[in-house]
Amino acid sequence: MNNWLRQHGFALASALVHVRRAPGSFLFNIVVVAIALALPFAGVTLLDNVRPMSEQMSVDPEISLFMQQDAPREQAEALAVSLRQIVKDQQAKIVFTPREKALDSLKTKSGLSDVLATLGENPLPDSYVLKLDAFRNARAGGDVEALAEQMRALPGVDTVQVDSAWVKRLAALLGVLRLALLLLAATLGMVVVAVVFNTIRLQVLTQREEISVSKLIGATDTFIHRPFYYTGALLGLCAGAVALGAVALALRPLNTAIAEFARLYASEFQLAPLAPLPMAGLLALSAGLGLVGAVLSVQRHLARLN
């Protein structure tokens with residue numbers, strides 16, 4: 001075990017020596033790789049901030065049914081029987097809201113009691129809210145829009161709307177964004193591998209004579225390859241750290257603009273940096289991409305030297 005640690009320590013020290021020989025080239029490659037990593041890292045940060053908001057929103061479909069203004073109360077209350085027959089195969093909660101209760105709630109929440117008092121008669125109709133269980137509904141093969149169409153045909157009904165449709169659209173949009181981010185990350189990951197591949201290739205070519213001498217005195221292929229592997233991993237790790245730092249710095253001006261926009265909706269939403277564990281995962285991924293590029297380059301070009 002001590003011999004294994006000694007060998008890897010020597011390989012890491014050798015990689016650092018090679019970096020110190022050409023620091024400008026190494027820093028330039030860090031910047032190039034960091035630019036490629038910054039965009040997917042920013043996407044991960046954005047999705048990580050939006051995910052808690054989307055999880056707090058209910059995706060269970062809700063159907064709001066509004067009666068005609070002149071529909072009598074008896075007809076509105078009797079409509080509950082027809083609604084239960086329509087949703088009999090679903091798990092649904094039916095809530096009836098009289099127009100008087102709706103008006104009182106509007107006065108309390110909106111603070112427009114004086115304005116509403118000038119209207120004279122109550123302008124709000126009786127209404128129902130049907131809360132369907134999304135899982136049971138999907139498993140039973142039910143269609144929320146089909147249920148809404150049946151409700152529109154009931155006597156005395158004025159308007160029927162599916163209130164949770166926008167939540168489903170948001171969830172679908174987030175799914176598309178995750179897929180797009182995955183494709184973007186895969187594409188830019190190939191760019192990172194290509195940059196590291198070319199960097200290690202140049203190092204192999206510049207150290208060709210040193211590698212030949214090492215082979216003559218009995219150095220194994222593993223001993224020769226290992227410093228290049230560490231160089232690639234260090235390049236990916238440093239570039240990942242630079243990319244995360246750039247994303248964290250970019251959050252400050254973004255939060256300034258977002259704060260003004262969120263204030264219009266009485267919200268205090270702010271973009272926060274990633275937690276330590278996801279940041280460590282991204283750094284490990286960056287180092288892994290650098291290692292993959294180094295392995296491919298070393299296996300290809302040292303085989304040619306052999």
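**Exercise 1. Aspartate 126 and arginine 99**

Task: In this predicted model, find how far apart the closest N and O atoms of aspartate 126 and arginine 99 are, and state where the two residues lie.

Solution. Step 1: The closest N and O atoms of aspartate 126 and arginine 99 are 3.5 Å apart, and the pair forms a salt bridge, since the cut-off is 4 Å.
Step 1: Aspartate 126 sits in the loop between α5 and β3, while arginine 99 belongs to helix α4. The two are 27 residues apart, so the bridge links distant parts of the chain.
Step 2: Aspartate 126 and arginine 99 are both buried.

**Exercise 2. The partners of arginine 73**

Task: Which side chains meet arginine 73 in a salt bridge, and which parts of the chain are tied together?

Solution. Step 1: One partner is glutamate 100, at 2.9 Å from N to O. Because arginine 73 lies in helix α3 (residues 73-86) and glutamate 100 in helix α4 (residues 99-110), this pair ties together parts 27 residues apart in sequence.
Step 1: Aspartate 126 is another partner, at 3.1 Å from N to O. Here helix α3 is tied to the loop between α5 (113-117) and β3 (127-132), parts that are 53 residues apart in sequence.
Step 2: Now compare the exposure of each residue. Arginine 73 has a relative accessible area of 26% and is partly exposed. Glutamate 100, at 42%, also counts as partly exposed. Aspartate 126 has 1% and is buried, because buried means under 20%.
Step 3: Arg73, Arg99, Glu100 and Asp126 are linked in a network of salt bridges. The count of salt bridges in the model comes to four.

**Exercise 3. The largest nonpolar core**

Task: Which elements give two or more residues to the largest nonpolar core, and which residues touch the most other members?

Solution. Step 1: The core has 31 residues; Leu37, Phe41, Val192, Ile200 and Phe228 touch the most other members.
Step 1: Two or more residues come from each of α2 (23-56), α8 (165-206), α10 (221-263) and α11 (276-305). The most come from α10, which gives nine.
Step 2: Take leucine 37 as an example. Leaving out residues up to four places away in sequence, leucine 37 touches Val192, Ala239, Gly240, Ala243, Ser286 and Leu289.
Step 3: Another core lies apart from this one; it has 20 residues, including Ala76, Val87, Tyr128 and Leu132.

**Exercise 4. A surface patch**

Solution. Step 1: The three leucines, Leu179, Leu182 and Leu183, form a nonpolar patch with about 320 Å² of accessible area together.

**Exercise 5. The chain as a whole**

Task: Describe the make-up of the protein chain and the confidence of the model.

Solution. Step 1: The chain has 11 helices and four strands. Of its 306 residues, 34% count as buried.
Step 1: Among contacts with a separation of 6 or more, 84% are between residues 24 or more positions apart.
Step 2: The chain exposes about 18200 Å², with 64% supplied by carbon and sulfur atoms.
Step 3: Mean pLDDT is 80, and 83% of the residues reach 70 or more. Over residues 135-142 pLDDT stays under 50; the model has nine contacts beyond four places in sequence for this stretch.

How values were computed: Residues are numbered from 1 along each chain as its sequence is written. Side-chain values use heavy atoms; hydrogens and water are left out. A nonpolar core is a set of buried Ala, Val, Leu, Ile, Met, Phe, Trp, Tyr and Cys residues joined through side-chain atoms within 4.5 Å. Buried means under 20% relative accessible area, exposed over 50%, partly exposed in between (1.4 Å probe, protein chains only). Contact means heavy atoms within 4.5 Å. Patches are made of residues with over 30% relative accessible area and no salt bridge: like charges are joined within 9 Å, nonpolar side chains (Val, Leu, Ile, Met, Phe, Trp, Tyr) within 5 Å. Accessible areas come from the Shrake-Rupley method with a 1.4 Å probe; for residues, only the protein chains shown count as cover. pLDDT is the predictor's confidence in each residue, from 0 to 100.
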